[in-house]
Amino acid sequence: MENLERLIQLLGRSQFVSVLTGAGVSAESGIPTFRGKDGLWNRYDPTELATLEAFEENPLMVWKWYLWRMRLIAKANPNHAHTALAEMESLFPEFLLITQNVDGLHRRAGSKRFVELHGNIFEGKCRYCGKRYSEEEFSRLFPLSDREFLKRLTDEEFKERVLEGLKEEDLPKCRWCGSFIGPGVVWFGESLPEDALQRAFQVAEKSEIFFSVGTSAVVQPAASLPIVAKRNGAVLVEINPEETPISSYCDFVFRDSASKTLPSIVSMLREHR
Ligand code: BV8
Ligand code: ZN
């Protein structure tokens, strides 16, 4: 317990705090992590499927995988970790949430001060002419991708309509160049959104306390953020039930779930203030 006490003392004196989140934060909302054991398609390796090569090779298979994930996300709700982070941002003059997640749950939990390093799964992106499609535009162009529609589909209907019924000619085509539109996420081998990445590194350099929550800290360049923070004098905090490559650099390690640890940090901090 004294670990938590010490961290609360430090947080009480800090102006500038930032948090990096990964799939582990959404695990308890029922969204499978990348390297987790559950999930229908876990026999595929995301670094295989979440690539332009896979999409060019087999756009139908890639879209089926994404629609399967989008439906899980549409049916999911933010958990206590997301709500704690949304509260946390109002406790510090300078705060930024940097997420690798593409599920939009931080936004739904009420977070305002955040950047999405790897995009948003409900948006569309044409990799050939660069045209972007907002969630609203894209769900009109590709009704199967509509959050409300997906949410209502039973497993049976999803299997019929998508896994078995979806044909390549049903896939969304770009209004500008006619190519297949892909999901609005950053695939392996694709560069991250410049502004979000730049902001994330600037914040990592200035943070007094940097949290790494629910991430295996292997995917670059996001995984360098905790190290950059530490090198610039930040106190590094990891919240993850498992060991990661950055654990040994951390000043505080909470080997526990985010949905337990974050709410206790936030409630103790509120009392402390
Ligand atoms: C780029 C969107 C180049 C897609 C994602 C060799 C060495 C080093 C780097 C590379 C290399 N080969 C290739 C690279 C680069 C590559 C990379 O890092 N590969 C890794 C696999 C080695 N990176 C890229 O390709 C990036 N782009 O480098 O471009 C470039 C440069 C200039 C110009 C042009 C090109 C792009 C990376 C982004 C890829 N897209 N997502 C989609 O979602 O479909 S990454 C994907 O992984 C997700 O965004 C995810 O968030 C992210 C990281 O995974 P985690 O979030 O950490 O999730 P994971 O499952 O791994 O871990 C979950 C953790 O939670 C676990 O630790 C678990 O213990 C914990 N947990 C579980 N339950 C809980 C919990 N924690 C707390 N509470 C719980 N309840
Ligand atoms: Zn296009």
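Helices here are DSSP runs of H or I with at least four residues, strands are DSSP runs of E with at least two, and both are numbered from the N terminus. The model is predicted, so local features need pLDDT of at least 70 and side-chain atom pairs count only at pLDDT 80 or more, while totals for chains, interfaces and linings use all residues. Residues are numbered from 1 along each chain as its sequence is written, chains are lettered from A and ligands numbered from 1 in the order in which they are written, and side-chain values use heavy atoms, with hydrogens and water left out.

**View 1. Serine 179, in the loop between helix H10 (155–164) and strand E6 (182–185).** With 18% relative accessibility, serine 179 counts as buried (buried is under 20% relative accessible area, exposed is over 50%, partly exposed is in between; 1.4 Å probe, protein chains only). Leaving aside residues up to four places away in sequence, serine 179 touches Cys126, Tyr128, Pro172, Lys173 and Cys174 (a contact is heavy atoms within 4.5 Å).

**View 2. The zinc ion (ligand 2) and its four cysteines.** The SG atoms of Cys126, Cys129, Cys174 and Cys177 coordinate the zinc ion at 2.2 to 2.3 Å. Donors are N, O and S atoms within 2.8 Å of the metal (3.2 Å for Na, K and Ca), and sites may look incomplete because water is not among the atoms. Angles among the four donor atoms run from 102 to 118 degrees, and the site is tetrahedral. For four donors, that label asks for all angles between 85 and 135 degrees. Along the chain, the donors follow the spacing C-x2-C-x44-C-x2-C. Which of these cysteines is buried, and which is partly exposed? Cysteine 174 is buried at 5% relative accessibility, whereas cysteine 177, at 36%, is partly exposed.

View 3. E4 and E5 pair in the antiparallel sense over two bridges (two strands pair if DSSP finds at least two bridges between them). In that pairing, lysine 125 stands opposite arginine 132 in E5. Axes are lines fitted to C-alpha atoms, for helices over the stretch in contact, and angles run from 0 to 180 degrees between N-to-C directions.

**View 4. The largest nonpolar core, with 36 residues.** A nonpolar core is a set of buried Ala, Val, Leu, Ile, Met, Phe, Trp, Tyr and Cys residues joined through side-chain atoms within 4.5 Å. Trp63, Tyr66, Leu67, Met70 and Ile121 have the most contacts inside this one. Among the contacts of leucine 67 are Phe142, Leu144, Leu150 and Phe158. There is also a second, separate core of 30 residues, which includes Ala84, Met88, Phe114 and Ile265.

**View 5. The six-stranded parallel sheet.** Strand order in this open sheet is E3-E2-E1-E7-E8-E9. E3 (114–116) and E9 (252–254) are the edge strands, each pairing on one side only. Neighbouring strands are turned by 15 degrees against each other on average, direction ignored. Helix H6 (residues 80–88) packs on the sheet, touching E1 (16–21), E2 (94–99) and E7 (209–213), and its direction makes about 155 degrees with that of E1.

**View 6. Strand E8 (residues 235–239) and its two pairings.** Glutamate 238 turns up in both: it is the bridge partner of serine 212, and its own partner in E9 is valine 253. Because five of the five residues of E8 are buried, the strand is largely enclosed by the rest of the structure. Val235, Val237 and Ile239 lie on one side, with Leu236 and Glu238 on the other.

**View 7. Serine 18, in strand E1.** Serine 18 is buried, at a relative accessible area of 0%. Its contacts include Leu96, Val203, Ile209 and Phe211. Aspartate 146 is 128 residues from serine 18 along the chain, with 32 Å between their C-alpha atoms.

Methods:
Four donors count as tetrahedral if all angles lie between 85 and 135 degrees; four count as square planar and six as octahedral if opposite donors are over 155 degrees apart and all others between 65 and 115; anything else is irregular.
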